[in-house]
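User: I am new to this structure and would like to learn how to read its features one at a time. Could you take me through them, giving the general idea before each case?

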Amino acid sequence: MPQPWQRPRVMGVVNVTPDSFSDGGRYAAPEAAVAHGLRLLDEGADILDIGGESTRPGATRPLVADELARVVPVITELAAAGAVVSVDTMRAEVAEAAVAAGAALVNDVSGGLADPRMLDAVAGLDATYVAMHWRAHGDRMAQFATYDGPGGVVQGVCDELTARVEAIRAAGVDDSRVVLDPGLGFAKNAEHNWQLLSALPRLRALGFPVLVGASRKTFLGRLLAGPDGSPRPVDEREHAHLAVVLHCARQSVWGVRVHDVRATRDAFAALERLHDAIPDPTPEEMR
Ligand code: PMM
C-alpha cells in the first residue's frame, strides 16, 4: 500500500518587479499584480508570494522605498481579499511593513544573511519564516557556485542551512515558525540543483518543513535545450517542472513555489486520485 501523503502547499508567485527573469514587468503595476494574485487564488493557490525585488543573476537592488511602494499596496489588497500572503524580501523593514499590511509569512531568500536586522525583526513578528539557502546577491552569486567540501552541494547546503537555523534560534524565533528551502539556482548550477532535488530526504532530515522553488528556472531550460544548445524559453518549461513538482510531492515537501498554479493543482489532482491523500492542510495549518 502506498503511504498516505499530504498535498504540498502551492505558493503562487506574484513578482511586482520590472525585471524578474520569469515574468519580469508583467505585473509591475499594483493593479496588475493584484489581479494576477486573485487569478492565482482562483486557480487554487494556498499562499501568494509577493516580491518587489528581482533576484535574477546580475540584478541590481531596488531602493527600500521602491520595494515598499511595490509590495505593501498589493499585500494589503490581497490579504483583505482573504489570501494567505507571503512577502518575498531580504529586508527587515519590508518584512515588518508587509506583516503590518497582512502578510502571514516572510520568505527571505537570504535566510537572514542579507540584512543584519532581519532575524531580530522576524522574532518580533507573528509570521512563518522561510529561510532559503543563499550565498550572495544576484550580481555576484554565480562566483559562489562551488561546493568543494566532502559531500558536495548537498552536504554544503545542509551545513549552511543548519548554521542559519542556529542563528534563527539565537534570535528567538521558535522552530515551529521555520521553513527551509534549498534555494535552487541561487549560487548553484544545473547539476547542483538536480543533486539537491534528488536529496530531498536529506533536507527534510534537518527537521523542518521544506519549500522548493523550481518553477521556470534555468536548469529546466538547459535540460530541455534545443540542438543548438540554447535553453528552452522560460514559458516552455512547465511540463518538465510538473515532473519536478510531483517528485517533490512524493518526497513530502511542505510546499512548492510556482508560477503556473493551475498546472500544479491539476498535477496534484491526478496524484491525489492515484494515491490515498490525507485531507489538505486546513487554512490554519496553511501558513
Ligand atoms: N526563487 C526565486 C525567488 N524567491 N523564494 C524561495 N523561497 N525559493 C525560491 O526558490 C525562490 C524564491 C526566483 O524566482 P522568480 O524570479 O521566478 O521569482
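**Strands and their partners**

Analyst: R9 stands opposite G255 in β8. Before going further, please note that this is a predicted model, in which local features need pLDDT of at least 70 and side-chain atom pairs count only at pLDDT 80 or more, while totals for chains, interfaces and linings use all residues. Residues are numbered from 1 along each chain as its sequence is written, and side-chain values use heavy atoms, with hydrogens and water left out.

User: Which strands does that pair of residues belong to, and how many bridges join strand β1 to strand β8?

Analyst: Helices (H or I, at least four residues) and strands (E, at least two) are DSSP runs, numbered from the N terminus, and two strands pair if DSSP finds at least two bridges between them. Here strand β1 (residues 9–15) and strand β8 (residues 255–258) run parallel and are joined by 4 bridges.

User: What is the order of the strands in the open sheet, and which strands stand at the edges?

Analyst: The sheet has 8 strands, paired in parallel, in the order β6-β5-β4-β3-β2-β1-β8-β7. At its edges stand β6 (178–181) and β7, and each has a single partner strand, so one side of each is left without a neighbour in the sheet.

User: How should I read a nonpolar core, and which residues have the most contacts inside the largest one?

Analyst: In soluble globular proteins, nonpolar side chains tend to be buried together. A nonpolar core is a set of buried Ala, Val, Leu, Ile, Met, Phe, Trp, Tyr and Cys residues joined through side-chain atoms within 4.5 Å, where buried means under 20% relative accessible area, exposed over 50%, and partly exposed in between (1.4 Å probe, protein chains only). The largest core in this model has 77 residues, and those with the most contacts inside it are I50, I75, L78, V106, Y129, V212 and C248. Helix α5 (residues 152–170) gives the most to this core, with 7 residues. Apart from it lies another core, of 9 residues, including I47 and M286.

User: Where is F268 found, and is F268 buried or exposed?

Analyst: F268 is found in helix α10 (residues 261–274) and is buried, with a relative accessible area of 0%. Contact means heavy atoms within 4.5 Å; leaving aside neighbours within four places in sequence, the residues in contact with F268 include W5, P8, V245 and A249. The C-alpha atoms of F268 and A249, 19 residues apart along the chain, are separated by 8.1 Å.

User: How do I read a salt bridge, and how many does a search of the whole structure find?

Analyst: Side chains of opposite charge can pair when their charged atoms come close. A salt bridge is a side-chain nitrogen of Lys or Arg within 4 Å of a carboxyl oxygen of Asp or Glu, and the search finds 8 of them. In one, R61 meets E53 at 2.9 Å, N to O; R61 counts as partly exposed at 33% relative accessibility, whereas E53 counts as buried at 7%. In another, E96 meets R117 at 3.1 Å, N to O, and this pair links distant parts of the chain, with E96 in helix α3 (residues 92–100) and R117 in the loop between β4 (105–108) and α4 (118–123), 21 residues apart.

User: What is the nearest side chain of opposite charge to K217?

Analyst: Lys and Arg count as positive and Asp and Glu as negative, while His and the chain ends are not counted. K217, in the loop between β7 (211–212) and α8 (218–223), is buried yet has no salt bridge, and the nearest side chain of opposite charge, D181, is 6.4 Å away. A polar atom of the K217 side chain does lie 3.0 Å from the backbone oxygen of L184.

Notes: Polar contact = N/O pair within 3.5 Å; in protein donor to acceptor, adjacent residues only side chain to side chain.
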